[in-house]
Structure formats: C-alpha cells, structure tokens
Amino acid sequence: TGYPYQPLPTRSAPVPKLKFDFYEVVLPPNATEAFERLIENLDGSIDDHTRSVEFYDQTNLRFQEGKKQEDYFLGEMIRINTKNIPNKAKLNGVTAPIELEPDQGIGAGTAFLYHPPTKTLVIQKSANGVPPSAFEFYFEQKSKVTPMTLRPWLQKETNKKFNQKTVNKSE
C-alpha cells in the first residue's frame with residue numbers, strides 16, 4: 001500500500017495582483033451616448049436572456065451587472081464556456097466530468113469601469129475572462145452601433161519610447 005496523503009505545511013498565500021488595461025471608446029459620429037445608454041438599459045433589463053450574446057469562439061458573453069456611480073459606470077461581464085468543460089480532479093489524481101445542466105457552463109467574470117467624460121473603459125485582465133475584442137463585439141451586437149473600437153491608452157513612458165525611436169529604412 002502507499003503512504004497516506006500528507007498536506008504540505010500551510011503558508012499564507014500571496015495576494016493576487018489585479019491588472020487592468022485602459023482603452024478609449026471610439027464610436028461613430030452621433031453615437032457617443034449609445035454606450036452609456038446601453039449600460040443603463042442592460043442594467044435595468046428584467047429578461048436575463050437579453051443580456052447574453054454568443055461570441056465567435058462558441059462561448060457566451062453576458063452583461064452581469066452595471067451601476068452608475070457619480071460620473072462613471074462600474075460593471076461586470078461574464079464569459080460562459082458551455083462547450084469545452086474541463087474535468088474535475090481530486091488531489092489523488094482521480095478525474096470525472098463536471099455535470100452541468102444544458103443551459104450552464106463555466107463562467108469567468110471580468111470587471112470594468114467606464115468614465116463617460118473621458119470615454120475611457122478600464123477592463124480587468126483575466127486569462128479566461130472577457131477580452132477587449134469581446135467587449136467590442138458584445139456592445140456592437142446589443143447597441144447596433146458599429147464599429148465600436150477600443151483604442152489602448154499607452155503609458156507616457158511608452159509614448160516617449162516610441163517617439164524616441166528612429167526607423168532605419170533599408171533600400
């Protein structure tokens with residue numbers, strides 16, 4: 001027989017560092033308020049199914065919640081994977097499928113903040129969450145305003161480095 005499983009001594013786990021990306025929301029002329037109205041309308045939506053959209057990779061995007069605070073919106077989007085569900089696993093290596101109902105999946109939330117005066121969208125970075133391209137897709141589908149572009153804000157140091165570079169053109 002084998003040795004019984006002995007857990008490792010407990011250590012305090014490191015606090016995860018949250019990372020965020022900043023984007024300028026670029027909309028067609030006369031569509032600037034559409035993004036704000038959409039967030040407000042979705043937050044007040046009673047029918048939960050109106051909050052979801054199927055994305056290109058066969059995951060579903062869902063506007064989970066949004067709240068207006070002073071001059072900005074705080075919210076959360078969820079990417080729901082209903083197709084490629086991983087197995088659950090025990091520490092001894094035994095695996096089994098995760099049993100889900102037909103309308104369930106594995107969800108990964110992504111927090112966001114939108115500041116209308118500066119048209120800035122701040123998105124939490126998450127490996128399995130909602131990427132910027134999915135934000136664009138979701139809001140284009142829901143608002144029927146297209147194109148919606150998220151233009152990354154570069155840090156001053158990055159802009160400075162770009163401006164100092166010289167390009168050598170070989171002929």
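Gln 155 counts as exposed, at 54% relative accessibility. The model is predicted. Gln 155 sits in the loop between β9 and α3 (156-164). Its C-alpha atom is 9.5 Å from that of Phe 22, although 133 residues separate Gln 155 and Phe 22 in sequence.

**Overall layout**

- The protein chain holds three helices and nine strands.
- Along the sequence, the pattern of the protein chain reads β-α-β-β-β-β-β-β-β-α-β-α.
- The protein chain has 171 residues, of which 26% count as buried.
- Take the contacts in the protein chain between residues at least 6 apart in sequence: 58% of them join residues at least 24 apart.

**Salt bridges**

- The count of salt bridges comes to four.
- One of them joins Lys 125 and Asp 21, with 3.8 Å between the closest N and O atoms. Lys 125 lies in the loop between β8 and α2 and Asp 21 lies in strand β1 (residues 20-26), so this pair ties together parts that are 104 residues apart in sequence.
- Lys 125 is partly exposed, with a relative accessible area of 46%. Asp 21 is partly exposed as well, with a value of 25%.
- Another salt bridge links the side chains of Arg 151 and Glu 24, at 3.2 Å from N to O. Arg 151 belongs to strand β9 and Glu 24 to strand β1, so the pair ties together parts that are 127 residues apart in sequence.
- Arg 151 is partly exposed, at 43% relative accessibility. Glu 24 is partly exposed, with a relative accessible area of 22%.
- Glu 65 and Lys 67 also form a salt bridge, their closest N and O atoms being 3.5 Å apart. Glu 65 is partly exposed at 32%, and Lys 67 is partly exposed at 46%.

**A buried charge without a partner**

- Glu 136 is part of helix α2 (residues 132-143).
- Glu 136 is buried but has no salt bridge. The nearest side chain of opposite charge is that of Arg 151, 9.2 Å away. A salt bridge needs a nitrogen-to-oxygen distance within 4 Å.
- Apart from neighbours within four places in sequence, Glu 136 is in contact with Met 148, Thr 149 and Leu 150.

- Phe 35 is in helix α1 (residues 32-43). Phe 35 counts as buried, at 3% relative accessibility.
- With neighbours within four places in sequence set aside, Phe 35 is in contact with Val 25, Leu 27, Tyr 114, Leu 121, Phe 139 and Met 148.
- Phe 35 and Lys 142 are 107 residues apart along the chain, yet their C-alpha atoms are separated by 9.6 Å.
- Val 53 is in strand β2 (residues 52-54). Val 53 counts as buried, at 11% relative accessibility.
- C-alpha to C-alpha, Val 53 and Gln 141 are 7.7 Å apart in space, against 88 residues in sequence.

**Second largest pocket**

- The second largest pocket contains about 150 Å³ of space.
- Its lining has four nonpolar residues, five polar and one charged. Among the lining residues are Arg 79, Asn 81, Asn 84, Pro 86 and Asn 128.
- β4 (72-81) and β7 (106-115) each supply at least two residues of this lining. β7 gives the most, with three residues.
- Ile 106, Gly 107 and Ala 108 are also among the lining residues.

**Backbone exceptions**

- Most residues other than glycine have a negative phi, and most peptide bonds are trans.
- Thr 146 and Pro 147 are joined by a cis peptide bond, with omega about 0 degrees. Pro 147 falls in the loop between α2 and β9 (149-152).
- Lys 144 lies in the loop between α2 and β9. Phi of Lys 144 is positive, near 60 degrees. Lys 144 is exposed, with a relative accessible area of 65%.
- Lys 119 has a positive phi of about 55 degrees and is not a glycine. Lys 119 is in the loop between β7 and β8 (120-124). At 34% relative accessibility, Lys 119 counts as partly exposed.

Key
Residues numbered from 1 in each chain as written. Predicted model: local features only at pLDDT ≥ 70, side-chain atom pairs only at ≥ 80, totals over all residues. Heavy atoms only, no water. Helix = DSSP H or I, 4+ residues; strand = E, 2+ residues; numbered from the N terminus. Buried < 20%, exposed > 50% of the residue type's maximum accessible area, 1.4 Å probe, protein only. Lys, Arg positive; Asp, Glu negative; His and termini not counted. Contact = heavy atoms within 4.5 Å. 1 Å grid on protein atoms, 1.4 Å probe; cavity = no way out; pocket = protein on both sides within 12 Å on 5 of 7 lines; lining within 4 Å. Points joined across faces, edges and corners; volume = space filled by probe spheres on them. Nonpolar A, V, L, I, M, F, W, Y, C, P; charged D, E, K, R; others polar.
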